[in-house]
Amino acid sequence: MNCCVPSTHTSVYLHHASSSGSTRCNFGIGYPQRVLTKSDRHHLNCVWKVYAARASDGDGSVDSPAKSLRKLLESPGIHLGPACFDALSAKLVERAGFDFCFTTGFGISAARLGLPDTGLISYGEMVDQGQKITGSVSIPVIGDGDNGYGNPMNVKRTVRGYIDAGFAGIILEDQVSPKACGHTQGRKVVSREEAVMKIKAAVDARKESGSDIVIVARTDSRQAISFGESIWRARSLADAGADVLFIDALASKEEMKKFCEVYPLVPKMANMLEGGGKTPILSPMELVDVGYKLVAYPLSLLGVSIRAMQDALVAIKGGRLPSPGSMLSFEEMKELLGFNAYYEEEKRYASKISQLQPDQGYISSSKYSYNTQNQDTGNQNEQDPAIEVVTPEIYYEDSSYRPFGIWNRRLRVKITGRDGIETLDVRIPAGFLDGIINIVPALGGINLKELLDDQRGEVGGKMLLDFNDSMGDRIQVFLE
């Protein structure tokens, strides 16, 4: 695909233009649009990386997460951010082509603890989950910092921890402890003075850390006290140094408009709580008209994941597999999780140590090969792989090291199939136990070292093992 990178923004502006085989990437509203076919989806990450390099200061370094987020805030248009709750969901957000994402305390508490977001999850657990999330993606991530986990001094520690965890931004709210989830009952807020002091403490922690983390100040006073109180607090939090303002649980479009009129140059964040929150759900274009810059979708990924798992469990309990259309194939899962990329990178560090290839039976890697197709094997399948064998010379050449005693002996491993055809006959250094087990997994449960120690004084030709594995193949091991 031709990655068309904007020349002045970090955003990638994409839009679905076909109902068949295309991906809907609707962010950067109002900007040039491109269609991504299904096969292009996994290449979306290259757009961010290419542009990040272009957006550097000219020395080839990539922008920090916070700097990337600030460029996003300075760019025109509105930016949509699904909320993730673990490394996998963050990867999916990035692969879908979004500019950034949020973490959700609701989702992390649910996924990590299986508990409600009622202040039960700790600072340490949130930071630990955050490190896994930010480490899995290259897009900036705004972390849910709850109420800072205490007083202004605790807020400073929280900000430092989120900086160290790799977050581009942090959301800090003015609820009391224990906090309550947004749009739920029982929310209470700290005093005006403490709310302002917490944001000042966050700004100080950022400065002291030499960071540029984006501070998103959230007030829950609309639901806890009144709309008028939430507007007063929003102004005061901006005066204290907040970079982005967020009033949670606004009850109407009119309230949202009035909020966005507070310090128009300070970016505003909207929370589109899916499935029945107090704030009306507006389209991205409507949110642009109201005046918002960032939009969070906190429950979409968690909600559809729960429903999909429930449906799958119903199917399995009924003796069926989930329908093919409801889940990825195994190959698609491996591609998503990076198996193929791992295998390619692994080749750079390949050694002469024998390895078992999962799709090719007994095989090892060296420059000596024993091809079963060259033997008189009757009706043996012509597609059977070549069996590469290992000899001591491979491991000892160009080296002054030599094993001693029993470890300088060879083991002969012979495998005969149920049909009487010999499928493997190799000789391996006795000291190379791991390699033997890799070639013949059936030996994995046998203490070869103990057998070798017991045969220390034996002459060559001694049979150590002779048994049939679970597939009916006869496996024999000789000490030479």
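1. At what angle do helix α7 and helix α9 pack, and how far apart are their axes? The model is predicted, and in it α7 (residues 192–209) and α9 (residues 227–239) pack at an angle of about 35°. Their axes are 10 Å apart. Angle and axis distance are given together because two packed helices are described by the angle between their axes and the distance between the axes.

2. The crossing of α7 and α9 is right-handed. On the α7 side the contact is made by Arg192, Ala195, Val196 and Ile199. On the α9 side the residues are Glu229, Trp232, Arg233, Ser236 and Leu237.

3. For the chain as a whole, the secondary structure comes to 17 helices and 16 strands. The chain has 480 residues, and 46% of them are buried.

4. Ala270 sits in strand β9, which covers residues 269–271. Its relative accessibility is 3%, so Ala270 counts as buried, the cut-off being under 20%.

5. Which residues does Ala270 touch, leaving aside its neighbours within four places in sequence? The contacts are with Leu287, Tyr292, Leu294, Val295 and Ala296. A further distance can be given for Tyr297: this residue is 27 residues from Ala270 along the chain, and the two C-alpha atoms are separated by 8.9 Å.

6. A search of the whole structure finds six aromatic pairs. One of them is Phe100 with Phe102, an edge-to-face pair with 5.2 Å centre to centre and 70° between the planes. Phe100 and Phe102 are both buried.

7. Another aromatic pair is made by Tyr162 and Phe167. This pair is stacked, at 4.8 Å centre to centre and 25° between the planes. The angle of 25° is the reason for the label, because planes under 30 degrees apart count as stacked. Tyr162 and Phe167 are both buried.

8. Aromatic residues also occur as a group. Phe339, Tyr342 and Tyr343 form one aromatic cluster.

Conventions. Residues numbered from 1 in each chain as written. Predicted model: local features only at pLDDT ≥ 70, side-chain atom pairs only at ≥ 80, totals over all residues. Heavy atoms only, no water. Helix = DSSP H or I, 4+ residues; strand = E, 2+ residues; numbered from the N terminus. Buried < 20%, exposed > 50% of the residue type's maximum accessible area, 1.4 Å probe, protein only. Contact = heavy atoms within 4.5 Å. Axes fitted to C-alpha atoms, helices over the stretch in contact; angles between N-to-C directions. Left-handed = near helix turned anticlockwise from the far one by under 90°. Phe/Tyr/Trp six-rings, centres within 6.5 Å; stacked < 30°, edge-to-face > 60°.
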